[in-house]
Every structure is written in structure tokens, then in C-alpha cells.
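Subject: Structure handover and notes

Dear colleague,

I am passing on the structure we spoke about, and I would be grateful if you could look it over alongside the notes below.

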Amino acid sequence: MSTTQGAGKPVQAEADLELLSAWLDGELEQGQYSAMLDRLKVDPALRAQFEWFNLAGDALRSHEVAACHHPALVGQVSRALQAEPVRIGPGALSGSRLRRHIATGVTVAAAAGMLAVVALPQLRGSYVAPASPASVASENRTVATVAAAPPAAKAEPARSPQLDAYFRAHRELGATGVMPSAAAYIRMAGEPDR
Amino acid sequence: MRSAGVGCRRWLGASLLGTVFCLAGPVAQAADAGAALSPVEWLRAIRTAAQRANYTGTIVYQRGDEVHSSHIVHFFDGTAPRERVLTLDGRPREFIRHGDEVQCLYPKARRVVIEQTGPRTTFPALGQIGLSRVLDHYSLTVGDVERVAGIECRVLELAPRDVLRYGYRLWVEPQSGLLLKVQVLGADDAMIEQIAFSDVRIGETVDKAELKPSWSTAGWQVVRHPSHQIELSRQGWSITAPEGFRVLTEVERNLGDEPGPAALQAVYSDGLATVSVFIEPGAAPADPAPLQHRGPWSAFMRRVGDARVTVVGEVPPTTAQSIADSVRFVAAH
Amino acid sequence: MSERDVDWELVTRVQRGDKHAYELLVSKYQRRITRLLSRIIRDPSDIEDVAQEAFIKAYRALPSFRGESAFYTWLYRIAINTAKNHFAAQGRRAATRSSGELEDAESSEDGAALRDVATPDALLLSKQVGEAVNRAIERLPEDLRTAIVLRELEGMSYDEIATAMNCPVGTVRSRIFRAREAVAAELRPLLGTREDQRW
């Protein structure tokens, strides 16, 4: 598993670390998965690498998050956990979810779909939630939202040519690729000619 | 807080980008299976189709009382998207796209403005906003099937996870991944704007002749707004973007059509919404303009020292204001 | 397998009595949780205390977690509640904001509605992390860079990346691993303790 080099520092074999990296991404077979978990329990160097791989992922996604690295925290929680009784829960009986990609998607999507319909009002934060639960009867909802006058629609401010220049410059550089590129031009249909 | 990087290179090669975008298969395969795609897969399919789908149709745009119709032709020529949008009512205009370059034709003014859209060299080096980041700030729910322009679409809700951004409702044609209708939603699901096809033909080969403009542009004035990339922090400016918004690009450019002093523009995005911050040193407004919004855009202007700072973006007014308030001149390096 | 499934595997192990599996979850999410808390709590020493408390509370509540939401979503709400109780116990409101804003945080996954109260040190470190990551990425050969970005930012599976890059899955696995090592190596001097320099 680990080999020692020269100065006596243990060095993780490359193959192990590559396995760990794949494990992190959930790309191992079920049997290998448990085996790696067991090894992480007993190998502190492997554990350290686990931490670093996770940190690398966090750093790629958000510098601010990665900067909140508190290595001592894990040890503190671990010590506090020792005082805790062992907790057994429903997971002890449920099966593994390690499956081929597509099938997993079905399972998760179905659950998320149901939940999100109910949770949607809360996700709006300080916006007042609609009185009736958001139903997925979309046809009714479509009609309702078109009929409702959105507050933003009242008296738009007089067009200032200055503001137009900003909008155009924003349009030029502000594409994200998800919204269709034509949207930026269609939206400005009502603007004056340059 | 953003970090100053030195990214000057598009990290993902153009050819690879094309390959990645070939993964439109999953949507079609899953069409029968219903909502069997993961949120990331839906977004990826939509983004792929936006570049690569072939379609012709009529788009109706609604915002408040305003309604505008346009004719649109779009196809992928093997290397780049080609597109032509022309107005069917109001002022005659056309927008002709070849890849990242768009020619904006204004026949009444006999003027063509050439816009260079799309990411320049991206900043920082990590490039475009990854789709999984979009899902950090929006939750995607798959809903029912509804018809748009006579075609069955899957409805997707992209609900913002916080009050910093707007929500979106998308109607996606499952075979192609094409968006046939989009609504931008504000508080209480109020509809801020809607872009929808009233008729569309998808997948048919499009004749290149469809891209030709309606008018000859001989003798027209040609306008460009060249810009070059800069590092805002080197010029002494600091902006704190709200959670999830990352820098797409920072440039120095001309704003108006006449030559004049340059403005700095920093563009932020969370993968769906984008916001631009304009800084014009020496152009401080006498009276800062009040917070405005126009459809999906909020605009806010204030003074910082002797500079005018203007924020424009598809975000709620408070978000635009908080970005504007965060702009500081720290020091020139 | 999605991140949600990876976490669920760990959760089921904990629910079968394996405390160590929980430590791995703590290790994975400690930064996101402390980042969230740092936007509510001004005192840095308080942040660590509340973070620890939140993780313990989550451990105690784990038997009742059935995977109806992602683990992080569930953990996030516990962290917010722990922060609220912390202030209540100290007989005062959140140091920098009203409880109304705290409620906004409850409903937004990342506490995004909260404003930053970062110290100059934290801002500097964040900037340095960004620079280190950029350096690491730029130095990577293109195929490693592409693989890690498609994995970490685009959330693609190894199969999908293999298709995109037109190479075997084993190659994808190796590229991602080497890219991760390179990024980690760039971050170690910045964020590692002396202990870490051994590895």
C-alpha cells in the first residue's frame, strides 16, 4: 500500500491515490467502494490525500470557500463524536444507490421533482409565498401569470439615450449560452435606432 | 470578493468545445422516458441546442404591454452558429450572426454596428461558468408537458435559491433540446418578460440565402466598439460581486458611437444572469440617476470619486444596487 | 453516480454505525459550512464553535435522514439553525444583521442573501487561493486541464468525459487524478500545516 522512500517518509503509491480520486467521484464499483472506505479508516496518509482532493475541488469552484479551510475542525468534531453513542438509522436497511448513471438519474429526479414543487415557495426567500400550494397544473398557472400585472410593468422610466449605450454594451458581452443568443436582440426591439 | 488572476487563455479548446456539444443525444433518448435527465444534463442539452440546432420561425416577445414579433433563422454550419433575426413590426432592423460576430443593421440610420459577442479571453483561466455552478444558485425542477407553437415541450422551472436573482421557466422541445418558450419571473412568479415561438420548424436544412440581409448596406456607416482586456484591480478598482457571480470578462472600451474617453466594463455572471459594471473615470453624474428597471434589467448609477459607476443586468434592483455600492477605488498599482 | 449518491453511501455507512464515515463527510463539507457561518457570525472563534456544534447536531439527527434531499441541503439547514440558537443562547441577535435576514439565509441554499463580513486577512487568503488555482490550471497540459474542468465544473461523469475527449475511461480517471494532484500541490504551501508538508 504505502512505500517508504529515502528519508523514511511514507509515500502513497500512485495507484492508490488514483483509486482514491475515482472513489471521490463515485466512479468505482460497489465492492471497491467499501474497501476504500475501510482503508481510509486506518491510513492517515490516505486520509490526508482525501482532504486535499476535496480541497482542490472546492478551490476550483470557489476561492472563498477554499479559503475557509479549518483543518483542526475535523479533529475537534472527531473527538466530540467519540462521546456520542453510535447511531443506527434507516440507511442500515436500505440498499446502495450505486448504479449506472442513467438509472440513478431517474431515482433522484423523481424524488427531487416531488419535493421541489412543495419547496418552491420557500426558495424565494423574502418573497411572500403564494397562499395555495404551487400545483404542477401548468396550464392554469400559465394563464394566471400572464394575466397578473407584474409590478415592474408599471410606468417604465423615460428612455435615456445614455442608458441605451450601457444596455448595448452589456448585451455585447453578457451572453451565457443557456439563454438563446437571439434573446438579447429580440429584447431590445423597442429601443430607438442608434 | 474576487481574486485577481492572470488568465489569458481560453482553457477549453474550440474543437473540444464542439465535441462536448455533440452530446445532444441524451435528451432525445430520454424523451420517451419522461423526465429522466439530471438537471445538469438538461442544461447541457439546452446549451448545445442553442448553438447547434437548425430552426426557422416567428418569435413573439412580451414585456408588460409591449409585444414585438421577429422572424428568426438559425443553423450550425459545422463550425459556428449562423443566425438572422429580423423585426416584423416596429422599426425595421436585422441582426445577422456568424459565430461570435453580429452585424446589427439599422436601415433608417443607414448604419451597421458590428458587435463581438461571446467570451473574449476569459478571466480567470477557468473559463465559462460551468453548468454545475448554475445549479448551485438555481434549482431545476422538471414539470409537465405543454404545447408551444403546436409542439410538445417539457416545462422546466429554474427557481433561484436566493433573492439575488430572477427565476426562469423554460419550455424545452425534448428531441432537439431547443427552448421554444422562456419566461423570466420575478417575485411571486410574476412574469417579467416572455420570449416564445408562435410557429417554428426544427431540424430542416436551412438555405444560406436566408442569412442575406434585406437591404444592401453599400454606403452605410460601419461602427465597431473595439475593446481590449484589462485587469480591473490593476487600474485600482475593486468590486464585490454577490454570491455566485463570477467575472466573465473585464475590458476597456468605447461606449458611445463617437470616439471618446474609454469606459471600463466588468461582466459578472452566475451562469444564467449577467451583470455589467461600467466605470467611467471623470464622468461623475451631477445627479445620480435613481434605480431603474426596464423589463428584466435593473440599472443603477452612482458616483465614486470623480467617476460614474453604472450597473446594468438581468437581476432584481437590489442586487444591481448592492453591486454598485460595493465599487471602490482602492489604489492604482 | 451523482454527488448526492456518493454522499448517500457515506450516510448509510454512518447509519450502520460507522462513525468514521461521518468524519469523511465533515472533512468534505467543513469549508462550505464555515464559509456559510462566516457570513452570519462575525467572531472567528465563534464560527469554529458553531460549526463543530452544527456537525454534532447533524450526526445526532442522522438516523432520521432518509435522503429526501441532498445531504448538504439538510446539513445546511442544521447549520443555520445552530447559528440562530447560538445567538439566542447568548441573549443577543446576530452580530451584524436582523433575524429577518437570517431567515432569508434559511431559505437560500448558500446564504447568498447575506453580505460578506470578511476580514482583510480572509480577503487576502481568498485572493491568494484564486491565484494559486489559476497558476495550477495554467500549468496543466491541455488534456489534464480539460478533464478536471469537465469533472469539477461541468459535473460530467467519467463516461461522458471519455466521450467528449474521445479517450478511454481509464485515461479520464488518470488525467483527473493528476490534475487534482497538481492543484493540491499548488495549494499546499498556502493552506497546509507543517504536518501536511510531510505528505
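Residues are numbered from 1 along each chain as its sequence is written, while chains are lettered from A and ligands numbered from 1 in the order in which they are written. Please keep in mind that this is a predicted model, in which local features need pLDDT of at least 70 and side-chain atom pairs count only at pLDDT 80 or more, whereas totals for chains, interfaces and linings use all residues.

Confidence in chain A calls for some care. Its average pLDDT (the predictor's confidence in each residue, from 0 to 100) is 63, and 55% of the residues score at least 70. The pLDDT is below 50 over residues 1–10 of chain A, a stretch with 14 contacts beyond near neighbours in sequence, where a contact requires C-beta atoms, placed from the backbone, to lie within 7 Å. Residues 94–159 of chain A also stay under 50, and for them the model has 90 contacts beyond four places in sequence. Where pLDDT is low, the predicted coordinates should not be read in detail.

Chain B has 5 helices and 21 strands. Of its 333 residues, 50% count as buried, that is, with 20 or more other C-beta atoms, placed from the backbone, within 10 Å of their own, against 12 or fewer for exposed and anything in between for partly exposed. Of the contacts in chain B with a separation of 6 or more, 52% come from residues 24 or more positions apart.

Strand S1 (residues 55–63) of chain B pairs in the antiparallel sense with strand S2 (residues 66–76) of chain B over 9 bridges, pairing being taken as at least two DSSP bridges. These two strands form a hairpin with 2 residues between them, and B:Gly64 in the turn has a positive phi of about 60°; B:Tyr61 stands opposite B:His68 in S2(B). S1(B) is also joined by 8 bridges to the antiparallel strand S11 (residues 191–202) of chain B, where B:Val200 is the bridge partner of B:Gly57.

B:Glu252 lies in strand S15 (residues 246–253) of chain B, and it counts as partly exposed because it has 16 C-beta neighbours inside 10 Å.

Finally, 64 residues of chain A are in contact with 71 residues of chain C. H3(A) gives the most to the side of chain A that touches chain C, with 15 residues.

With best regards

Technical notes
Two residues are in contact if their C-beta atoms, placed from the backbone, lie within 7 Å. Helices (H or I, at least four residues) and strands (E, at least two) are DSSP runs, numbered from the N terminus.
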